Amino acid sequence: STPYRSRVNFVEGDFLRDPLPAGHDLALLSAVIHSCSPDEVRALFTSVRSALVTGGRVVVRDYVMNEDRTAPVGGALFAINMLVNTPGGATYTHDEIVSWLTAAGFVRVRQLLAADTMSALVEGYRP
């Protein structure tokens with residue numbers, strides 16, 4: 001038993017089809033959005049917002065591409081993998097992620113960490 005076991009719940013489901021359980025302080029989307037199409041990412045961000053309490057935070061961990069999608073190089077190569085192996089996945093730019101979080105109703109959206117790996121972090125808060 002871990003000290004956090006009483007504070008962490010795992011819920012089975014398909015995050016693209018099933019409603020997310022409500023009442024959470026934090027949603028961590030770790031290496032998730034690259035497997036989704038832009039429409040799926042927008043829907044996911046809206047669903048996550050609904051699952052958070054007022055003041056709750058979403059953190060997106062993934063590749064965050066530059067505007068011409070050439071860097072980070074690993075993300076550009078990974079986008080080819082998503083093109084070949086998913087119906088609509090891709091790697092997304094900073095502006096795309098920020099605009100989709102903002103459109104879903106998140107505020108104070110900002111990049112916490114830039115990285116050349118899939119470890120870049122973008123956060124937003126539910127008002």
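Helices (H or I, at least four residues) and strands (E, at least two) are DSSP runs, numbered from the N terminus. Strand S5, residues 107-113, contains arginine 108. The model is a predicted one, in which local features need pLDDT of at least 70 and side-chain atom pairs count only at pLDDT 80 or more, while totals for chains, interfaces and linings use all residues. Residues are numbered from 1 along each chain as its sequence is written, and side-chain values use heavy atoms, with hydrogens and water left out.

Most residues other than glycine have a negative phi, and most peptide bonds are trans. Arginine 108, not a glycine, has a positive phi of about 50 degrees. The charged end of arginine 108 sits over the ring of tyrosine 125, 3.9 Å from its centre (the criterion is NZ of Lys or CZ of Arg within 6 Å of the ring centre and within 35 degrees of the ring normal).

The loop between S3 and H2 holds arginine 69, whose phi is positive too, near 60 degrees.

Turning to the aromatic rings, the structure holds two pairs (rings of Phe, Tyr and Trp, the last by its six-membered ring, with centres within 6.5 Å; planes under 30 degrees apart count as stacked, over 60 as edge-to-face and the rest as tilted). Tyrosine 63 and phenylalanine 78 have ring centres 5.6 Å apart and planes at 40 degrees, so this pair is tilted.
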